[in-house]
Amino acid sequence: MPFPFDLADGEGDDGFAFLPVDDGLVDEEEDKRFAAIRQREALARRPWREEGSPVCGVRGLREATAGPAGAVSLPMASCGRVLFREADGAHGGDIISTGSKVWDSALVMVKYIDALVTSCTQVQGALPASPSSASASAAAAAAGPAAPHVLAGARVIELGAGLGLPGLAAARCGAAETVLTDVPARLELLTANAELNRGDESAVAGRECGPIAVRSLDWRALEEARRSLGAFDVVLCTDLLFSDQATPLLVDVIDALTDVGSLVLNCCEHRWPGAADFYELMVARGFHVAAVPPAQQHPEYQHGSIHLHRFVRAAKG
């Protein structure tokens, strides 16, 4: 089925693929393309950044302020704030260093979560567990904006978490359990960011940070993932569409970690020309997909080249 977006519809939406994790260098041609993308993104006009600032890192973020112990504080209307640290140094186009910086897709996702929670005056219980009621929840979520109860009391996992901002936001907005996952090299920073938020005393009343676990997750080890993690109510993905090889693995692990009624939130910039394959593969696995319209996103944290979609699982083969 066709999807209503153009893979080159905004700044920075050119073809780009990250190299595999075991390849530490970017070849000359990829390096040139990567540099061109960064140059265009540096000129992108995004309301949450100072004019001319890049779309990677905390530099130029209008709302970011200094938090405790050298952390960065991002204000949240729903829960007070989210705290995080970045790793030192610049990213070089590989998966490891790229995950050490905050990217604009993660900010759009975090502020969407914020908008979801603040849009309702009463937080309800977790997603129902029975197949019949889960199907009803799936239909409701596909028809309109996800309700705050999707996060409150839910099991939430973030895949390829990097700094973990969306998952940390979910934990601070009432998730019963949040699991942040990435490759082993990223876990130290993820753990530090989880500790920052667990110990933060600035939470809005009733929005204390919930339990956060940090796990290494190999997208190829599906049986181990099912056995050790189980199914989640909500799956968060930001900027994970980066190669022909990784996309089927991402769909496989989402398939392994969801059940009927589960909600997947995906936010990304389409730097890779094959990004549309992800949406086709998700539909083939029984998910209903819907773009989140601008009216349902945070009024300031949205951009034409950042694509935010909801996937609700209606069937599981």
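Contact here means heavy atoms within 4.5 Å. The model described is a predicted one. The protein has 9 helices and 10 strands. Of its 317 residues, 52% are buried. Among contacts between residues at least 6 apart in sequence, 73% join residues at least 24 apart.

**Nonpolar cores**

- The largest nonpolar core holds 46 residues. Leu 107, Val 156, Leu 165 and Leu 236 have the most contacts inside this core.
- Eight elements each supply at least two of the core residues: strands S2 (72-76), S3 (80-84), S7 (232-238), S8 (258-269) and S10 (306-313), with helices H3 (104-118), H5 (165-172) and H6 (187-198).
- The top contributor to this core is H3, with 8 residues.
- Another core, of 28 residues, lies apart from the largest one. Val 235, Leu 250, Val 253 and Ala 256 are among its residues.
- Val 156 touches residues beyond its neighbours within four places in sequence. These contacts are Leu 151, Ala 170, Ala 175, Glu 177, Thr 178, Val 179, Phe 232, Val 234 and Leu 236.

**Aromatic rings**

- The structure contains 4 aromatic pairs.
- Phe 278 and Tyr 279 form an edge-to-face pair, because their planes stand at 80 degrees, with ring centres 5.5 Å apart. Both Phe 278 and Tyr 279 are buried.
- Phe 278 also pairs with Phe 311, again edge-to-face. Here the centres are 5.4 Å apart and the planes are at 75 degrees.
- The Phe 278 and Phe 311 pair links distant parts of the chain. Phe 278 belongs to helix H9 (residues 276-284) and Phe 311 to strand S10, 33 residues apart. Phe 311 is buried, as is Phe 278.
- Phe 278, Tyr 279 and Phe 311 make up one aromatic cluster.
- Phe 232 has a charge over its ring. The charged end of Arg 155 sits there, 4.0 Å from the ring centre.

**Helix H7**

- In helix H7 (residues 222-229), the buried residues are Leu 222, Ala 225 and Leu 229. They lie on the same side of H7, because they cover an arc of only 65 degrees around the axis.
- Glu 223 and Arg 227 are exposed on the other side of H7.
- The cover over the buried residues of H7 includes strands S4 (155-159), S5 (177-182), S6 (212-216) and S7, and also helix H8 (246-256).
- Arg 226 is in helix H7 as well. Arg 226 is partly exposed, with a relative accessible area of 33%.
- Arg 226 and Thr 258 are 32 residues apart along the chain, and their C-alpha atoms are separated by 9.4 Å.
- Gly 230 follows H7 and has a positive phi, near 75 degrees.

**Helix H6**

- H6 has 12 residues. From its first C-alpha to its last, H6 reaches 16 Å, close to the 16 Å expected at 1.5 Å a residue.
- The buried residues in H6 include Leu 187, Leu 189, Leu 190, Asn 193, Ala 194, Leu 196 and Asn 197.
- The cover over the buried residues of H6 includes helix H5 and strands S3, S5 and S6.

- Most residues other than glycine have a negative phi.
- Ala 69 has a positive phi, near 55 degrees, and is not a glycine. Ala 69 sits in the loop between strand S1 (65-66) and S2. At 60% relative accessibility, Ala 69 is exposed, because exposed means over 50%.
- Asp 239 also has a positive phi, of about 50 degrees, without being a glycine. Asp 239 lies in the loop between S7 and H8. Its relative accessible area is 18%, so Asp 239 is buried, the cut-off being under 20%.

Notes: Residues are numbered from 1 along each chain as its sequence is written. This is a predicted model: local features need pLDDT of at least 70, side-chain atom pairs count only at pLDDT 80 or more; totals for chains, interfaces and linings use all residues. Side-chain values use heavy atoms; hydrogens and water are left out. A nonpolar core is a set of buried Ala, Val, Leu, Ile, Met, Phe, Trp, Tyr and Cys residues joined through side-chain atoms within 4.5 Å. Buried means under 20% relative accessible area, exposed over 50%, partly exposed in between (1.4 Å probe, protein chains only). Helices (H or I, at least four residues) and strands (E, at least two) are DSSP runs, numbered from the N terminus. Rings of Phe, Tyr and Trp (its six-membered ring) pair if their centres lie within 6.5 Å; planes under 30 degrees apart count as stacked, over 60 as edge-to-face and the rest as tilted. A charge sits over a ring if NZ of Lys or CZ of Arg is within 6 Å of the ring centre and within 35 degrees of the ring normal. The arc is that of the directions from the helix axis to the C-beta atoms. The expected span of a helix is 1.5 Å times one less than its number of residues.
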